[in-house]
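Please have the model open as you read.

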Amino acid sequence: MEILQLQQQKLSIKNQCVEFMFAYQQKNVSKMLSLCDPEGTVHFRPLGEAGKGTIGDLGKNIWTMLIDCFPNIDNTLDAAVAEDDNTVRCQVVIRGTQVKDFAGIPNKGMSFDSDHIFIFHINTSNLIDSISVEWNHADFSRQLGS
Amino acid sequence: MGLATRHISAPGLDKAGTFHLVRWAKNSLTSTITVMVYQKFKPAEWLIPFVECYFLWHSSGESVADFIVESPPTGYCSLVVNSGDEYFLQNKKYERLEAPKQFISGQSIYSYRLFLGGRINIAGIVFKPAALATLFNLPTYQYTEERIPLKNVFKAVSVDALAHSLAACTDENEKAKLLEAFLISQFSGKKPEPDVIDKAANLIVEKNGLVDITEVLKDVYMSRRNFERCFFKKVGLSPKYYARMRRMSYILNLIAGKKKVDWATIFSECEFYDHSHFTKDFTEFTGRTPQQYLEQNIELANLIEKPREGDIRY
């Protein structure tokens, strides 16, 4: 019985993560945040210590800035796999065209298309309480002309 | 079990489909043998958009011991009923997971290994990529890399009845019919029709992943974003990623049983941009480099050879 409940839970935790990525695709930051614990942590790993913060603060700022600097930003969710009872790994391709300077990368009107890995942790209230985002930042910068 | 000799027979054809026979002599000093039979049966014509085949896999004679089979990603989902001894699964996530007695599995993105022993008696349905969603309204993306007990999906009484019938049945054709009858009994009266996602996913299967998704989009009359989202929900992966996986499945089928392969020809014929893209995909889906895979792989397909004159045919 315990195993069955565990499997049901594993299925439902994917919903939050998939909904999060779909909301990101719609550029709906409010919806993205509504699926998360605002005090939860986010780590944009390639940015080092500067990429660590809370979802409600740093996460909100970065996603809002990304949408502002890349108005046509879009993503394709390739796969969502439960890694353990509370963790889901999403493989995502994110693409967009730059119209404003972003995080030290001057705007040259160029586009990027980059594989990203999002690792979501879901708490017992079924809210995302931790997000880790990984991508090849050197390649991302190169595509944008930096 | 020390296997001194391996005799292999195989594909024949009966009215329902193909089958393979694998047979071992336990050792050269005794006459005891283990016979393993893997059979495939075609579905009814109207189920072809949804069902790739029904399969039966069983052993007889001496018990199987320490038998390991590797399964690379195939692009299909499945329903499995095990009437034999327990077996275990090893994949990226689990070192050793006991497979549920009856389960549904979604897309397996990565290679996995099965560790079997004792008596093998497994039956199942291999579904086309979007069929679980079309036939049963299941959100297939939730099933990716998962094995969900069948009783979580269908009524326990139906599952028990199927398991009991399969265990009691000794006729292979009848077993395949039981699987098909179960399948039909689970959708509510209305004859299912394949939708645009079924057709697009099946096209990717037919073309072995060698398909331009932009071309597929022209026939579905949906925006790319909407198509990708619907495809993800019904198949469990994005169309492009699914095509990449299916292409790798095709390549693994091409090299099955070989110890030497002309990789340059394969990656060129399979339309890889360059060798590094080929190696990246190969490593991602199999967990090994192409050469390591050739040296180490233990797929069931490797144990099966073309029929020889005088081989048993059913």
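A residue counts as buried if 20 or more other C-beta atoms lie within 10 Å of its own, exposed if 12 or fewer, and partly exposed in between, with C-beta atoms placed from the backbone. This is a predicted model, in which local features need pLDDT of at least 70 and side-chain atom pairs count only at pLDDT 80 or more, while totals for chains, interfaces and linings use all residues. Residues are numbered from 1 along each chain as its sequence is written, and chains are lettered from A and ligands numbered from 1 in the order in which they are written.

Begin with helix α3 of chain A, residues 55–69 (helices are DSSP runs of H or I with at least four residues, strands runs of E with at least two, numbered from the N terminus). In α3(A), A:Ile55, A:Gly59 and A:Trp63 are buried. Seen down the axis of α3(A), these buried residues fall within an arc of 25 degrees, so they line one face of the helix (the arc is that of the directions from the helix axis to the C-beta atoms). On the other side of α3(A), you will find A:Asp57, A:Asn61 and A:Thr64 exposed.

Now turn to the largest nonpolar core, which has 95 residues (a set of buried Ala, Val, Leu, Ile, Met, Phe, Trp, Tyr and Cys residues joined through C-beta atoms within 7 Å). Those with the most contacts inside this core are A:Ala80, A:Cys90 and B:Ala201. Its largest share, eight residues, comes from helix α7 (residues 239–255) of chain B. Domain 1 (5–191) and domain 2 (196–297) of chain B both give residues to this core, so the core lies between them (the domain bounds come from an automatic or database domain assignment).

Notes
The expected span of a helix is 1.5 Å times one less than its number of residues.
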